[in-house]
Amino acid sequence: MPLSVEPLEIPAVRLITPVRHEDDRGFFSEAWNRRAWAEAGLDIDFVQDNHALSREAGTVRGLHFQAPPYQQDKLVRVLRGAILDIALDLRSGSPSYGKHVSVKLSAGDGKLLLVPVGFAHGLVTLEPNTELLYKVSGFFAKSHDFGLLWNDPALGIDWGISEDDAILSEKDQRQPTLAELPDYFDYAES
């Protein structure tokens, strides 16, 4: 199989490791292949690729999600640098509601994180000039683009960076806490 699929502590979130063919020139890898993914039980219709650059280490992006009917699965890959990637369960009624998984992704390891619908996504860059490419299964809809406060104490996320050193957008500095967030996703429907 051209990829390995590993469920994480919250099984809906998966770490994907594509096979890399390496030699003295470098490597070749199929980061995404519709047929191989479907055979692995991941039949997702991605419709858009997003490319992001964070110039400084310590840049926090998130925690973001799109609400129904514009919800998105996300497939995150690091092209340059490294991140600590976070997926937070927002599915009302889920046994893992309000809990998160985190995984380090780097350009060197070639791994991808699949963040499914019903989860908020966030990251912190671990190196300067970190570049990401991520596929999404729904088009951007500004009217349904939401988030929650990255450092909400109720979440218990260890970002590996102090609040004073985190580099955030104005939007991410003023997001609501989990307790203030309406229920956008239902576990029974996911």
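User: Leaving aside its neighbours within four places in sequence, which residues is Q66 in contact with?

Analyst: This is a predicted model. In it, the contacts of Q66 beyond four places in sequence are Q71, Q72, F139, F140, A141, H144, D145 and F185. Q66 itself belongs to strand β6, which covers residues 60-66.

User: Is Q66 buried or exposed?

Analyst: Buried means a relative accessible area under 20%. Q66 has 3%, so Q66 is buried.

User: Which backbone atoms does the side chain of Q66 reach?

Analyst: On one side of the account is Y70, whose backbone oxygen lies 2.7 Å from a polar atom of the Q66 side chain. The other is A141, whose backbone nitrogen is reached by the side chain of Q66 at 3.0 Å.

User: What holds strands together in a sheet?

Analyst: Strands of a sheet pair through backbone hydrogen bonds, and the pairing is either parallel or antiparallel. Here, β6 is part of an open sheet of five strands with antiparallel pairing, in the order β10-β8-β12-β6-β14. Its edge strands, each pairing on one side only, are β10 (100-106) and β14 (145-147). From one strand to the next, the twist averages 30°.

User: How many bridges join β8 to β12?

Analyst: Seven bridges join β8, residues 82-89, to β12, residues 119-125, and the two strands run antiparallel. To follow this pairing in the model, find D89, which stands opposite F119 in β12.

User: Where do the side chains of a regular strand point?

Analyst: In a regular strand they alternate between the two faces of the sheet.

User: How many residues lie between β1 and β2 in their hairpin?

Analyst: Six residues lie between them. Strand β1 covers residues 3-7 and strand β2 covers residues 14-18; they pair in the antiparallel sense over five bridges.

User: Which strand do three bridges join to β2?

Analyst: That strand is β11, residues 112-115, and it runs antiparallel to β2.

User: What can be said about the largest pocket?

Analyst: The largest pocket here holds about 360 Å³ of space. It is lined by 20 residues, of which H64, K74, Y134, D145 and K171 are the closest to its centre. The elements giving two or more residues to the lining are β5 (48-54), β6, β12, β13 (130-136) and α2.

User: Which element gives the largest share of that lining?

Analyst: Strand β6 does, with five residues. D145, one of the residues closest to the pocket centre, is also among the contacts of Q66.

User: Where is G156, and is it buried or exposed?

Analyst: G156 is in the loop between β14 and α2 (170-173). Exposed means over 50% relative accessible area. G156 is at 55%, so G156 counts as exposed.

User: How far apart are G156 and F140?

Analyst: Separation can be counted along the sequence or through space. G156 and F140 are 16 residues apart in sequence, and 29 Å apart in space from C-alpha to C-alpha. F140 is one of the contacts of Q66.

Methods
Residues numbered from 1 in each chain as written. Predicted model: local features only at pLDDT ≥ 70, side-chain atom pairs only at ≥ 80, totals over all residues. Heavy atoms only, no water. Helix = DSSP H or I, 4+ residues; strand = E, 2+ residues; numbered from the N terminus. Buried < 20%, exposed > 50% of the residue type's maximum accessible area, 1.4 Å probe, protein only. Polar contact = N/O pair within 3.5 Å; in protein donor to acceptor, adjacent residues only side chain to side chain. Contact = heavy atoms within 4.5 Å. Pairing = 2+ DSSP bridges. Axes fitted to C-alpha atoms, helices over the stretch in contact; angles between N-to-C directions. 1 Å grid on protein atoms, 1.4 Å probe; cavity = no way out; pocket = protein on both sides within 12 Å on 5 of 7 lines; lining within 4 Å. Points joined across faces, edges and corners; volume = space filled by probe spheres on them.
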